[in-house]
Amino acid sequence: MHRRKELIHIPDVLALQQEDHLRATLEPQGIRSLIALPLVHGPRCFGFVGFDAVHEIKLWSDAEISLLTVMAELLTNAELRRLHEGHLLEAKAAAEAAYVEVEERVRERTRQLAEANSQLQGEISERQQAAAG
């Protein structure tokens with residue numbers, strides 16, 4: 001059901017069919033009522049948040065379901081933020097590593113050019129001396 005982005009609301013577990021897999025899962029745990037809301041982003045459901053009642057049957061009102069839906073959306077947004085921050089930190093680390101590599105290449109190329117410049121100046125000086133002499 002969560003993959004279809006639907007909430008699961010079971011006011012009375014014992015009202016489910018005896019052979020229902022949800023009843024077979026919930027009843028042995030002493031769960032009397034259950035509500036579970038999907039954590040959805042775009043086309044993807046990446047989890048759910050659920051509440052169960054074990055002492056008595058709980059009928060969640062429309063207002064409570066609306067509040068729980070908002071809470072599920074808040075949890076979804078918090079998870080998305082955590083994921084995005086992780087991606088940003090990875091990108092920042094990669095950019096910093098690339099900057100260090102480029103900086104090292106520039107240093108090395110500058111050293112090579114300075115060396116080549118020094119050699120050329122030496123050759124020019126030698127030719128000037130030979131031409132003058």
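Which residues are linked with Arg107 in a network of salt bridges? Glu103 and Glu104 are linked with Arg107 in this network. A salt bridge here is a side-chain nitrogen of Lys or Arg within 4 Å of a carboxyl oxygen of Asp or Glu.

## Basis of the model

This is a predicted model, in which local features need pLDDT of at least 70 and side-chain atom pairs count only at pLDDT 80 or more, while totals for chains, interfaces and linings use all residues. Residues are numbered from 1 along each chain as its sequence is written, and side-chain values use heavy atoms, with hydrogens and water left out.

The order β1-β2-β3 describes an open sheet of three strands with antiparallel pairing. Its edge strands, β1 (8-10) and β3 (44-53), each pair on one side only. From one strand to the next the twist averages 15 degrees. Strand β2 (residues 33-41) runs antiparallel to β3 and is joined to β3 by nine bridges; Leu37 has Val49 of β3 as its bridge partner. Strands count as paired if DSSP finds at least two bridges between them. Helices (H or I, at least four residues) and strands (E, at least two) are DSSP runs, numbered from the N terminus.

Helix α2 (residues 62-132) lies across β1, β2 and β3, at about 40 degrees to β2. Axes are lines fitted to C-alpha atoms, for helices over the stretch in contact, and angles run from 0 to 180 degrees between N-to-C directions.

## Nonpolar cores

The largest nonpolar core has eight residues: Ile35, Leu37, Leu39, Val49, Trp60, Ile65, Leu68 and Ala72. At least two residues of this core come from each of β2 and α2. A second, separate core has seven residues, among them Ile8, Ile10, Leu26 and Ala36. A nonpolar core is a set of buried Ala, Val, Leu, Ile, Met, Phe, Trp, Tyr and Cys residues joined through side-chain atoms within 4.5 Å.

Not counting residues up to four places away in sequence, Ile65 touches Leu7, His9, Ile35, Leu37 and Trp60. Contact means heavy atoms within 4.5 Å.

## Ser33

Ser33 is placed in strand β2 and is buried, at 0% relative accessibility. Buried means under 20% relative accessible area, exposed over 50%, and partly exposed in between (1.4 Å probe, protein chains only). The Ser33 side chain reaches the backbone nitrogen of Lys58 at 2.7 Å. With neighbours within four places in sequence left aside, the contacts of Ser33 include Ile10, Asp12, Phe51, Ile57 and Trp60.

## Salt bridges

The structure holds ten salt bridges. Side chains of opposite charge can pair when their charged atoms come close. One of the salt bridges joins Arg23 and Glu27 (3.0 Å, N to O). Arg23 is buried, at 10% relative accessible area, whereas Glu27 is partly exposed at 36%.

In helix α2, Arg105 and Glu101 are four residues apart, so about one helical turn separates them. Their side chains meet in a salt bridge (3.2 Å, N to O). Arg105 is exposed at 58% relative accessibility, and Glu101 is partly exposed at 45%. Arg111 and Glu115, also in helix α2, are likewise four residues apart, about one turn of the helix, and their side chains form a salt bridge (3.1 Å, N to O). Arg111 is partly exposed, with a relative accessible area of 42%, and Glu115 is partly exposed at 46%.

Conventions. A polar contact is a pair of N or O atoms within 3.5 Å; within protein, one must be able to donate a hydrogen and the other to accept it, and residues adjacent in sequence count only if both atoms are side-chain atoms.
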